[in-house]
Amino acid sequence: MSGTYLGMPAFPRAARDAVRDTTLRGNLRHATHTIRDKRARAVAELDDWAALREAGKRIKDHTLRHLDRYLVRVEEAVTAAGGTVHWAADAEEANRIVADLVKATGESEVVKVKSMATQETGLNEALEAEGIRAYETDLAELIVQLGKDRPSHILVPAIHRNRGEIRDIFRSEMGEWGRPAPEGLTDTPAELAEAARLHLREKFLRAKVGISGANFMVAETGTLVVVESEGNGRMCLTLPETLISVVGIEKVIPTWRDLEVFLQLLPRSSTAERMNPYTSMWTGTTDGDGPRAFHLVLLDNGRTDTLADEVGRQALRCIRCSACLNVCPVYERAGGHAYGSVYPGPIGAILSPQLRGTGSEIDASLPYASSLCGACYEVCPVAIDIPEVLVHLREKVADQGGAGHRLERAAMRTATWLLDHPAALNAAERLASSTRKLHPKRLPGPGARQWTNSRDLPDLPAEPFRDWWKKNHA
Ligand code: SF4
């Protein structure tokens, strides 16, 4: 993954700062509660939701088991339809491919429709370094880009901003990037949307290169699918002469029949709609209609490593609906930035450490960014058992070692020895009971102190259990 987010403090420190921000917490609480309630109502409308969920899970599992076969099928179908397929092992390779493709067109500007894969690779920064400016066209992405900010939610990347903040960003920044905000812009949703529409329209009409992601790739015909709510996707996908789609390899599904399942699961889980407003599909190129050149960049970037993990691979089923974020008590308080990745919330806590590995401080801390309450699993439309993967990843992190874990191992070794030597255990218990008044309420050392920062050590009884037993049951 991109280095964009790495180097951030571990989750507990980043979250501590976020929970002190009362505006952020207010914005998040309001937004997540509204979406989660609407989602629950939309899902309750369908009697066969459980069957749909199971079907989605099985289709994804089947596809992941035969991923090599389906990806080759995608490549054949896209090529037969006039497109060109490129394979990118990592973020750097994907960015290099895209930059070279844009440079080959002679253009220095591109329009983008929301693509998490390109955020994952840090494409905008890579293009900037090559003198190419990328314009985000999704409203929330535009707000993030103009505000020199980072996305904090999968579906609503600017969820941490309220209307007043958005108005201020538009007023001060739009002129730097193109058409300025209208005079006297207020914070009413209609005015903000109109300002964005006017600002973006000139970019759509000028751009010769579009960059997109995709929600799904249908292997049988090589068709890519984007679902969105604003219509910007359709503009990006049809107006430019060259279209480059960067898509994670796990986005493939075998057939159109399978797509039918996901087009029911995704909108209800994400925006709580029965059907999303815009579903755009494209297959290669067509003379006289849409882009004249189409390139598909298939991105691995840690996905095959994730696939090799029997427990963790279920994270690749994710269809990025964001339902798990909206019900997560940790996300609601900490916000998306604390996760240090383009994938925040519960899915980010299991996906980022698998895609990037657990070598960095932030990635090693992510599997602990959860209370394991299980709300994420309950709402996930493809039944990803996020708590199971979190515990599995915690085990991996613990096996890696670290100061806290060395201490834990030493404590376990001491306990093992004591339990193997009853006389010593007896003596230790008596000593602990007789010195109980001197015991501290907090443990020393950074790791142990953290554990007792929010809880007291339990008081020891005045009399060890064995002595009490002897006295009362002799
Ligand atoms: S893990 Fe499940 S609930 Fe969360 S974004 Fe992915 S599909 Fe949606």
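Mentor: Happy to; what follows is a set of questions and answers on a predicted model.

Trainee: Let's begin with the domains. How many Å separate the centres of domain 1 and domain 2?

Mentor: The domain assignment gives domain 1 as 11–304 and domain 2 as 403–473. Taking the centres over C-alpha atoms, the separation of domain 1 and domain 2 is 53 Å.

Trainee: Which feature does UniProt place at residues 73–285?

Mentor: That span is 46% helix and 19% strand, and its end C-alpha atoms lie 17 Å apart. The UniProt entry, which is unreviewed, names the feature there "domain: LUD".

Trainee: Which residue in S3 is the bridge partner of valine 110?

Mentor: Strand S2 covers residues 109–112, and its parallel pairing with S3 runs over four bridges. In S3, the partner of valine 110 is alanine 134.

Trainee: There is another open sheet, made of four strands. Which strands are at the edges there?

Mentor: Its order is S8-S5-S6-S9, with mixed pairing. A single partner strand leaves one side of each edge strand without a neighbour in the sheet, and those strands are S8 (252–253) and S9 (278–282).

Trainee: At about what angle does helix H12 run to S5?

Mentor: Helix H12 takes in residues 256–270 and lies across S5 (216–218), S6, S8 and S9. Relative to S5, helix H12 runs at about 165°.

Trainee: Last one: which residues come nearest to the ligand?

Mentor: The shell around the ligand divides into twelve nonpolar residues, two polar and one charged. Of the 15 residues there, the nearest are Cys318, Cys321, Cys324, Ile347 and Cys380.

Conventions
Residues are numbered from 1 along each chain as its sequence is written. This is a predicted model: local features need pLDDT of at least 70, side-chain atom pairs count only at pLDDT 80 or more; totals for chains, interfaces and linings use all residues. Two strands pair if DSSP finds at least two bridges between them. Helices (H or I, at least four residues) and strands (E, at least two) are DSSP runs, numbered from the N terminus. UniProt positions are given in the numbering used here, feature names are shortened, and annotations may be inferred rather than shown by experiment. Domain bounds come from an automatic or database domain assignment. A residue is near a molecule or strand if its C-beta atom, placed from the backbone, lies within 6 Å of it. Ala, Val, Leu, Ile, Met, Phe, Trp, Tyr, Cys and Pro count as nonpolar, Asp, Glu, Lys and Arg as charged, and the others, Gly among them, as polar. Two residues are in contact if their C-beta atoms, placed from the backbone, lie within 7 Å. Axes are lines fitted to C-alpha atoms, for helices over the stretch in contact, and angles run from 0 to 180 degrees between N-to-C directions.
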